[in-house]
Amino acid sequence: MGAFGLFCSARVISLLGGAMAVVALPFAVLDHGTVLDSGLVLAARLVPHLGLVLIGGSTADRFSRSAVLTVSHVGSGVAQAVAATALLTGNYHLGLLVALQATQGAFGAFTSPAARGVLPELVEPGRLQKANSLLSAARYGTGLIGPAAAGLAAATIGAGWALAFDAVTFLTAAVLYAKLRLPGKPAKSSLTQDLKEGWDTFRTTTWVWTMVLSFCLTNAIYTGVWTVLGLAIAKRTIGEFEWGVVLSASGAGLALITLILYRTRTVPLWIATLVTLVAAAPLLALGLQANTPTLVVIAFVEGMGMGTWVIAWETSLQRNVPNHMLSRVAAYDEFGSYLAIPLGAVTAPLVAAKIGDTTTATIAAFAYVVAALIPLPSLLAQRHAAREPERQSA
């Protein structure tokens, strides 16, 4: 198995376990506590992740990324194994689960930037979009299989076994990452200097920081309306089962576009950004209380649009950001993109309580369009600057 095969296999295995755990864990908590307890356990991962992801990016640029991935997966695997053991032996304790999920969030802050920086070390520039398409297909595929498997496990043998499986996948992936043996980078500066260097690269690369600003806002809007208010609106208008079908349609769109982009030319980021405007359509459809068939079609198209953007964004970063800076820039991207999600999740219900959930969804659709267009001028300027040398040489 080649280096890319090892990396892809490790990602698929780890993602499958994670897709099961994110569903199984709330089931396990609800068996012993309340919905609030479940929220606390899931939120426990986000806070340390955001707090450490910038350090994680600097670490991945400083050391061997395969070594960083190995250590972080071993740490996550051990934490999940302890959680599974506690559940399977009847020793449930909310504080313990919160601490263990926080530990996983901390290790995850090192996993994500390292993983996002690996591909340019394994794949030629001309094949990056194909590689990103394959990884995206794996991510969406495990996202479809994992939750169903976790639900089945929770209903039959117990959610603790799903967490045990997640622990095994973490440790198996760690073994595969260790086999990559990617070279490290000699440390010539302090961690503080590395963080500053990463920030300087991020803030002076206009097309990157404007895109992250846009994604910060659109993530907050989309999460607050589609994820939080969407279920309440759907329950009143189309029903819970139909809402599940709508969400599945979005996943199907994501999966299909990864297969299409595997066989097509590289999609320019400015075009992919325009394509993401389709994500405003589901919000508007909620506001207009559209019927199930309409929502299914719109969600499918939205999934294709967002899948296009994800692959184009990762490919653009990998091609245009120097590899020795890539994990740090990816970490700033992740920090900024996720920062406002909790705010969106809280704000949307508060606004809906004042003006109504469908009105909130309608307004959010137009706000989404405005936020999504923020990086377009800088992307067009980058495109023009890239073409200028070609004109001069001609």
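Twelve salt bridges, written as 12 in the count, are held by the structure, which is a predicted model. One of them joins the side chains of arginine 328 and aspartate 194, at 3.9 Å from N to O. This pair links distant parts of the chain. Arginine 328 lies in helix α13 (residues 323–339), and aspartate 194 lies in helix α7 (residues 191–204). The two are 134 residues apart. Both arginine 328 and aspartate 194 are buried. They also belong to a network of salt bridges, whose other members are Asp61, Arg62, Arg65, Glu121 and Glu197.

Lysine 196 counts as exposed, because its relative accessibility is 53%.

A further salt bridge brings together the side chains of aspartate 357 and arginine 236, at 2.9 Å from N to O. Aspartate 357 lies in helix α15 and arginine 236 in helix α8, so the pair ties together parts that are 121 residues apart in sequence. The two partners can be described by their accessibility. Aspartate 357, at 17% relative accessibility, counts as buried. Arginine 236, at 48%, counts as partly exposed.

Aromatic contacts were examined next. A search of the whole structure finds nine aromatic pairs. In one of these, the ring centres of tryptophan 207 and tryptophan 313 are 6.0 Å apart. Their planes stand at 80 degrees, so the pair is edge-to-face. Tryptophan 207 is in helix α8 (residues 206–237) and tryptophan 313 is in helix α12. The pair links distant parts of the chain, 106 residues apart.

Phenylalanine 215 and tryptophan 309 form a stacked pair. Their centres are 4.6 Å apart, with 25 degrees between the planes. Phenylalanine 215 lies in helix α8 and tryptophan 309 in helix α12, so this pair ties together parts that are 94 residues apart in sequence. Phenylalanine 215 counts as buried, at 18% relative accessibility. Tryptophan 309 is buried too, with a relative accessible area of 5%. Ring pairs link Trp207, Phe215, Trp309 and Trp313 into a cluster.

Threonine 223 is found in helix α8. Its relative accessible area is 17%, so threonine 223 is buried. Beyond its neighbours within four places in sequence, threonine 223 is in contact with Val228, Ile341 and Ala345. Glutamine 318 sits in helix α12 (residues 292–320). Glutamine 318 is buried, with a relative accessible area of 8%. Residues up to four places away in sequence aside, glutamine 318 touches Arg116, Leu119, Pro120, Leu128, Asn132 and Leu326.

Helix α11 (residues 280–287) has six of its eight residues buried, so it is largely enclosed by the rest of the structure. The buried residues are Ala280, Pro282, Leu283, Ala285, Leu286 and Gly287. They pack against α8, α9 (240–262), α12 and α15. Glutamine 289 follows α11 and has a positive phi, near 55 degrees.

The surface has a nonpolar patch of about 340 Å². Val74, Val78, Val82, Leu96 and Leu171 make this patch. Helix α3 (residues 65–88) gives the largest share, three residues. Valine 78 is placed in helix α3. With a relative accessible area of 46%, valine 78 is partly exposed.

Confidence was considered last. The chain averages a pLDDT of 87, and 94% of the residues score at least 70. Among the elements of the chain, helix α15 (residues 357–372) has the highest mean pLDDT, 95. The lowest mean, 66, belongs to helix α16 (residues 376–393). Over residues 388–394 pLDDT stays under 50. For these residues the model has one contact beyond four places in sequence. Where pLDDT is low, the predicted coordinates should not be read in detail.

Terms used: Residues numbered from 1 in each chain as written. Heavy atoms only, no water. Patch = residues over 30% accessible without salt bridge, like charges linked within 9 Å, V, L, I, M, F, W, Y side chains within 5 Å. Areas by Shrake-Rupley, 256 points an atom, 1.4 Å probe, with all protein chains shown as cover. Salt bridge = Lys/Arg side-chain N within 4 Å of Asp/Glu carboxyl O. Helix = DSSP H or I, 4+ residues; strand = E, 2+ residues; numbered from the N terminus. Buried < 20%, exposed > 50% of the residue type's maximum accessible area, 1.4 Å probe, protein only. pLDDT = per-residue confidence, 0-100. Contact = heavy atoms within 4.5 Å. Phe/Tyr/Trp six-rings, centres within 6.5 Å; stacked < 30°, edge-to-face > 60°.
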